Amino acid sequence: MRKNTAKLKAFTLIENMVSITLLLLVFVGASYVFLEFSMLPKWRHQLKAQSFIEQDYSRLSADRFLALKVEQKENYEIQRKIDPQTERLYLVNYKVSTENRFVMEKNYYYLKSE
Amino acid sequence: MLKGGTFIYTLFILFITSMLALLFLGQNRLYSDEISRMQIAERLEENCLSAINYALEIPSESFQEGSYIDLFARGTDSVFIQKYTWGLMDVISVRAIHHKQQRTKTALLGYRPIDSLKTALYLSDRESALHLSGESRIRGAVFLPKAGVKRAYLAGAHYSGDSLIYGKQLPSQKTWPLSIAAKGWDTPHQQAERTLLDEESTVHSFAEPTLVLTETEELVLEDITLKGNIWVRSDSLVEVHPTAVLEDVIVTAPVIKVKSGSRISAQLLATDSLIVEEDCLLHYPSLIAVKSQNNGFISLAANTQVYGDLWYKNGQHLSKTSVEVNIDEQASLTGRLMAEQGNIQLRGKVIGEVFADAFILHHSLGIYKNHLLSAQIDRRALWEAYLFPIKAREKDQANVIKWLNE
């Protein structure tokens, strides 16, 4: 009888540990799934869009301005619109989208220095 | 009905599960908040730069007192812009705001003249020709009196160049095409006055009100570091020694002496005289200025280099023989030299522009009016994007000359 009780207790302990481990696994899995399918793609898209915008803005040259430029880069569509405010000052608007989904919009005032 | 042990066990499992769920939600919230905080910080930095560009090109009276604008008229990019004088220079300060987050940027402004001619010399028309002798060279456009420019034989030296002027010659008027407002000569924009400290080092941010250090007696700056938004004043004399570290500060006094070997970056504003001794280096952007009511003077000694502007203004009429601005042999100024109602004795080199009412040359053989002996004025050697620290014309284009510590 004592032997049976001891066996039963040991079995319950293992059972509990397995349940908790399973719960932890479910937690880790859910976190991963949530990040992978909801937050991460959004952040990744934004980060990518930001780097495309920065790359283009840093190379902006007032002598080669196009009023509207649309280009495709790695499945992203980057649209740049330049609206002159004065002779030296330009309002630069960027819109980035991917697979017809809006990712980011940014505005800058660009000052021609030469 | 559940047995007691099973009930407690279920509660325990529920507790663990809810804790994990909370942890999970908290973690995601934390990530999300951190990323959006970083994105906002980046956006605020970009808005500060955009606001500076906007304010430089679309000036408004309201910026003098400071005003909020909605940068892109979308209700999401609010910035506070303030533009004020800092001595003879201008400062712009912008603050971009998003809820509790904000970013401030402050910069000293410089100006680029819209001058396709690249004026090297403007000598106002006082009916006397300009005479060149020795190794004198003028490169760039010149505005000269109707009497023009002539070669002169002086102190045993002929003019040695192929051409008198290496650039266009145009007629000058009696007055210059530029004027200096000097609005910030006397008072700082905001001030918190106090007497000079014994501290060896004071670094004061431009985000704070100006720190004014006053002294009624002679003031000797040695073994001291003064950086930033600091205005040093004396009612008699300020002497700057080589052991003093000055950066971005303003020094005002009737007489200012910069001792031999000093290396500073400052605005030196005197009401009587300003003497820069040998082997000094005034880093860009520095200013040397005298606004005198009684024939004061400025002197740059040999081997001194100044990167910035030099401005002299005399309340009296132009004297016939005295030297109001003296630039010794081997001394150089990179920037703009302006002397209103003062004679310039130029024996060194100016890389940039010279605006003069008259030149004078004191030589052992005599005193010569409007003579240059082995002096150099070279506007072409000044780089294309150079910004002059003082705004001299209404149409000058402003830009950031230096970011200030915040």
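Of the 406 residues in chain B, 43% are buried, a residue being counted as buried if 20 or more other C-beta atoms, placed from the backbone, lie within 10 Å of its own. The model is predicted, local features need pLDDT of at least 70, side-chain atom pairs count only at pLDDT 80 or more, and totals for chains, interfaces and linings use all residues. Residues are numbered from 1 along each chain as its sequence is written, while chains are lettered from A and ligands numbered from 1 in the order in which they are written.

Along the principal axes, the C-alpha atoms of chain B fill a box of roughly 125 × 45 × 35 Å. Chain B contains two helices and 29 strands, defined as DSSP runs (helices H or I, at least four residues; strands E, at least two) numbered from the N terminus.

Chain B is divided into domain 1 (4–112) and domain 2 (119–379), with bounds from an automatic or database domain assignment. The C-alpha centres of domain 1 and domain 2 of chain B lie 44 Å apart. Their contact takes 12 residues from domain 1 and 13 residues from domain 2 of chain B, two residues being in contact if their C-beta atoms, placed from the backbone, lie within 7 Å. On the domain 1 side, β2 (78–86), β3 (89–98) and β4 (101–112) of chain B each give two or more residues, and the largest share, four residues, comes from β4(B).

Terms used: A residue is buried if 20 or more other C-beta atoms lie within 10 Å of its own, exposed if 12 or fewer, and partly exposed in between; C-beta atoms are placed from the backbone.
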